[in-house]
Amino acid sequence: MVDVRTEISINRPIDVVAHYAADPDHAPQWYDNIKAIEWITMKPLQLGSKMAFIAYFLGRKLEYVYEVTEYVPGKKLVMTTANGPFPMETTYTWNTENVGVTKMTLQNKGVPTGFSKMVTPFMSFMMKKANKKDLLKIKQILEQNK
C-alpha cells in the first residue's frame, strides 16, 4: 500500500487556504502533474461531486475521476477514485497553526495493481517528492496574493 503524507505551513488564514485548495478548478495551477480538470457533476463542490482529471506521473498520462466522499468546508476534503491502474484516496486537511498561519496536510493513499504494484516503493518516493513540490507551489501562490 502507498500512504504518502506531506504538510506545509502557509502564511494565510485557514479560510483562504481551504477555499483555494478545495476548488478543483485551481488544481492545474498548483499541482505540477495535473493538466486539466472537467466537472462531471454541477458546481459547487459538495459531497458526491465528481470531476475528471488528466495528469501525468512518471511519464504516463493518467485519466481518472475523483468523487468527493467527505467534505467539511475549511477543515477536510476527501476524494476517492476507483478507476485506473491505481485506485487512490486524496485527503486535504487544514488547521490553524497560529494567527494567520495554516497548516495544510496532503495525504495520498491507495493500493497499486498490476505493474504499479511492483514499483510501490519507488512510487511512494516519487509521490512524496511531487507532493512537497505541489505544496510549495500552493504556498507561493497564496502568500504572493495577500
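# Briefing: salt bridges, strands and a nonpolar core

Let's start with E70, which is partly exposed at a relative accessible area of 32%. That label sits between two others: buried is under 20% relative accessible area and exposed is over 50%, with partly exposed in between (1.4 Å probe, protein chains only). What you have here is a predicted model, where local features need pLDDT of at least 70 and side-chain atom pairs count only at pLDDT 80 or more, while totals for chains, interfaces and linings use all residues. Residues are numbered from 1 along each chain as its sequence is written, and side-chain values use heavy atoms, with hydrogens and water left out.

**Salt bridges**

- The count of salt bridges comes to eight, a salt bridge being a side-chain nitrogen of Lys or Arg within 4 Å of a carboxyl oxygen of Asp or Glu.
- In general, side chains of opposite charge can pair when their charged atoms come close.
- E70 has such a partner: its side chain meets that of K76 in a salt bridge, 3.7 Å from N to O. K76 counts as partly exposed too, at 28% relative accessibility.
- D32 bridges to K133, and their closest N and O atoms are 3.3 Å apart. This pair links distant parts of the chain, 101 residues apart: D32 is in the loop between α2 (27-30) and β2 (34-39), and K133 is in helix α4. At a relative accessible area of 40%, D32 is partly exposed.
- K109 and E89 make another salt bridge, with 3.8 Å between the closest N and O atoms. Since K109 lies in strand β7 (residues 101-110) and E89 in strand β6 (residues 88-98), the pair ties together parts that are 20 residues apart in sequence.

**Strands around β7**

- Where does β7 sit, out in the open or enclosed? Eight of its 10 residues are buried, so β7 is largely enclosed by the rest of the structure.
- On one side of the pairing list is strand β1 (residues 2-10), which pairs with β7 in the antiparallel sense over nine bridges; two strands pair if DSSP finds at least two bridges between them. Within this, S9 has K103 as its bridge partner in β7.
- β6 also runs antiparallel to β7, and 10 bridges join them.
- β6 has another antiparallel link, with six bridges to strand β5 (residues 76-81). Here L77 stands opposite Y92 in β6.

**Two residues to look up**

- T93 is in strand β6 and counts as buried at 19% relative accessibility. Not counting residues up to four places away in sequence, T93 touches K75, K76, K103, M104 and T105.
- V2 lies in strand β1 and is buried, at 0% relative accessibility. V2 and M88 are 86 residues apart in sequence, and their C-alpha atoms are 9.0 Å apart in space.

**The nonpolar core**

- The largest nonpolar core has 37 residues, and W30, M51, Y92, W94, M104 and I138 touch the most other members. Helix α4 (residues 120-144) gives the most to this core, with six residues.
- A nonpolar core here is a set of buried Ala, Val, Leu, Ile, Met, Phe, Trp, Tyr and Cys residues joined through side-chain atoms within 4.5 Å.
- Which residues does M104 meet, leaving aside its neighbours within four places in sequence? They are T6, E7, I8, I10, V17, A21, W30, Y92, T93, W94, L135 and I138, with contact meaning heavy atoms within 4.5 Å.

- L58, F122 and F125 make a nonpolar surface patch of about 310 Å². Patches are made of residues with over 30% relative accessible area and no salt bridge: nonpolar side chains (Val, Leu, Ile, Met, Phe, Trp, Tyr) are joined within 5 Å, like charges within 9 Å.
- The areas come from the Shrake-Rupley method with a 1.4 Å probe, and for residues only the protein chains shown count as cover.
- L58 is in the loop between β3 (50-57) and β4 (60-72), and it is partly exposed with a relative accessible area of 39%.

Note on methods:
Helices (H or I, at least four residues) and strands (E, at least two) are DSSP runs, numbered from the N terminus.
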